[in-house]
Amino acid sequence: MAPVPARLGTRRSTMATSQSQLVADAITEHTGVPIELVLITSFGDVTKAHLTQLGGTGVFVNALRDELLAGSVDFAVHSLKDLPTAPADGLTLAAIPERDDPRDALCARDGLKFADLPAGATIGTGSPRRVAQLAALRPDLRYLPIRGNAETRLGKVTSGELDAVVLAYAGLVRVGRVDDVTDVFEPEQMLPAPGQGALAVECPIGVAALDYLTAVDHLETRAAVTAERVVLAELEAGCAAPVGAYAEFTGQGRLRLRAAVVSTDGAEAVRMERAVSTSDFPDSVEAAAHLGRDLAREMIAHGADRIVAEAAQRDS
Ligand SMILES: NCc1[nH]cc(CCC(=O)O)c1CC(=O)O
């Protein structure tokens with residue numbers, strides 16, 4: 001008899017189904033467990049036009065979480081950067097697979113690089129983190145808010161409505177639009193969102209067969225994104241805050257964390273970095289949490305919390 005497939009709940013968008021399928025294939029390859037995708041329509045998906053008023057991505061995450069808690073699906077795959085830092089009641093992150101490219105990418109008309117955009121060029125991005133860091137580099141460009149999925153945003157460049165948009169490189173790969181990328185931002189220019197490029201596999205706490213999910217956990221990624229997300233949590237900032245953070249292993253068990261908090265106009269910034277030797281701690285995730293906490297506290301001492309609070313006030 002064929003084994004019963006595990007049920008992976010996913011949103012219907014190209015990005016969601018493509019990243020869910022990636023994880024499903026990795027699990028099957030590692031464990032032999034067959035996976036079946038279950039498409040879930042969230043409130044956010046049926047009321048797309050009003051998403052601005054609904055406030056961000058929480059509506060998408062919550063619909064999947066409701067299905068997990070109801071037991072209608074066995075697990076879900078999220079973009080880690082869309083998950084609030086507070087743990088969800090009754091659920092656990094069973095696996096964080098190896099991270100894809102964490103960088104932000106520019107998709108501009110006529111193959112233009114960021115440095116070659118003429119003064120006054122229009123850049124579409126709804127992310128305060130991107131606007132703030134880009135404005136610090138190029139205060140002469142015009143940053144315009146934009147909504148919708150990756151394909152919709154790219155369409156505004158094709159149609160000539162905007163000169164460029166900035167999106168996560170990993171997301172563009174997942175929707176098959178990596179050929180639209182004309183430039184990539186290195187962490188030295190622009191720090192990605194905490195957890196960008198990483199996926200999170202979530203399931204109910206206490207379910208028996210977690211083993212097939214933990215098979216795709218990647219400890220180095222889990223440590224890196226832990227450091228990044230602790231910065232976000234310590235700054236009491238959400239996914240819409242102008243906070244960039246990126247952690248990476250630099251050899252010999254050293255984990256380096258860089259973070260930036262930048263005011264919306266790009267004029268004020270607190271940028272810091274710090275590293276730990278993970279061998280000084282019981283495990284690398286604990287080392288990462290310490291690293292994130294220490295760096296965030298140092299940033300707060302330099303006024304980072306004030307910049308976050310001011311940005312939040314502008315938003316509301
Ligand atoms: N906020 C939407 C979102 N959530 C995850 C990704 C991209 C994939 C990722 O960062 O893992 C995107 C689109 C974007 O920021 O361009």
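Here are some worked exercises on the predicted model above.

Before you start, note that residues are numbered from 1 along each chain as its sequence is written. In this predicted model local features need pLDDT of at least 70, side-chain atom pairs count only at pLDDT 80 or more, totals for chains, interfaces and linings use all residues, and side-chain values use heavy atoms, with hydrogens and water left out.

**Exercise 1. The ligand and its shell**

Task: list the residues around the ligand, then find how much of the ligand the protein buries.

Solution: 
- Step 1. A residue is near a molecule or strand if one of its heavy atoms lies within 4 Å of it. The residues around the ligand are Ser79, Lys81, Asp82, Arg130, Leu167, Ala168, Gly171, Arg174, Gln196 and Gly197.
- Step 2. Next come the polar atoms; a polar contact is a pair of N or O atoms within 3.5 Å, and within protein one must be able to donate a hydrogen and the other to accept it, while residues adjacent in sequence count only if both atoms are side-chain atoms. Lys81 places a polar side-chain atom 2.6 Å from an oxygen atom of the ligand. From the backbone, a polar atom of Ala168 is 2.8 Å from a ligand oxygen atom, and an N or O atom of Gly197 lies 3.1 Å from an oxygen atom of the ligand.
- Step 3. The ligand taken alone exposes 400 Å², and the protein buries 82% of that; accessible areas come from the Shrake-Rupley method with a 1.4 Å probe, and for residues only the protein chains shown count as cover.
- Step 4. Strand 8 (164–168) and helix 7 (169–174) are the elements that give two or more residues to this shell. Helices (H or I, at least four residues) and strands (E, at least two) are DSSP runs, numbered from the N terminus.

**Exercise 2. Aromatic rings and charges**

Task: classify the aromatic pairs and find the charges that sit over rings.

Solution: 
- Step 1. The structure holds 2 aromatic pairs. Rings of Phe, Tyr and Trp (its six-membered ring) pair if their centres lie within 6.5 Å; planes under 30 degrees apart count as stacked, over 60 as edge-to-face and the rest as tilted.
- Step 2. Phe75 and Tyr212 are edge-to-face, at 6.0 Å centre to centre with 70° between the planes. Phe75 lies in strand 3 (residues 75–79) and Tyr212 in helix 8 (residues 211–214), so this pair ties together parts 137 residues apart in sequence. Both Phe75 and Tyr212 are buried.
- Step 3. Phe114 and Phe185 are also edge-to-face, at 5.1 Å and 75°. Phe114 is in the loop between strand 5 (104–108) and strand 6 (122–124), and Phe185 in the loop between strand 9 (183–184) and strand 10 (199–204), 71 residues apart. Phe114 is buried at 6%, and Phe185 is buried at 1%.
- Step 4. A charge sits over a ring if NZ of Lys or CZ of Arg is within 6 Å of the ring centre and within 35 degrees of the ring normal. Arg138 lies over the face of Phe114, 5.9 Å from the ring centre, and the charged end of Arg103 sits over the ring of Tyr169, 5.9 Å from its centre.

**Exercise 3. An annotated loop**

Task: locate Cys239 and decide whether Cys239 is buried or exposed.

Solution: 
- Step 1. An unreviewed UniProt entry lists Cys239 for "modified residue: S-(dipyrrolylmethanemethyl)cysteine"; UniProt positions are given in the numbering used here, feature names are shortened, and annotations may be inferred rather than shown by experiment.
- Step 2. Cys239 is found in the loop between helix 9 (219–234) and strand 11 (243–249).
- Step 3. With a relative accessible area of 55%, Cys239 is exposed.
- Step 4. Glu236 is placed in the loop between helix 9 and strand 11. Glu236 has a positive phi of about 55° although it is not a glycine, and Glu236 counts as exposed at 73% relative accessibility.

Terms used
Buried means under 20% relative accessible area, exposed over 50%, partly exposed in between (1.4 Å probe, protein chains only).
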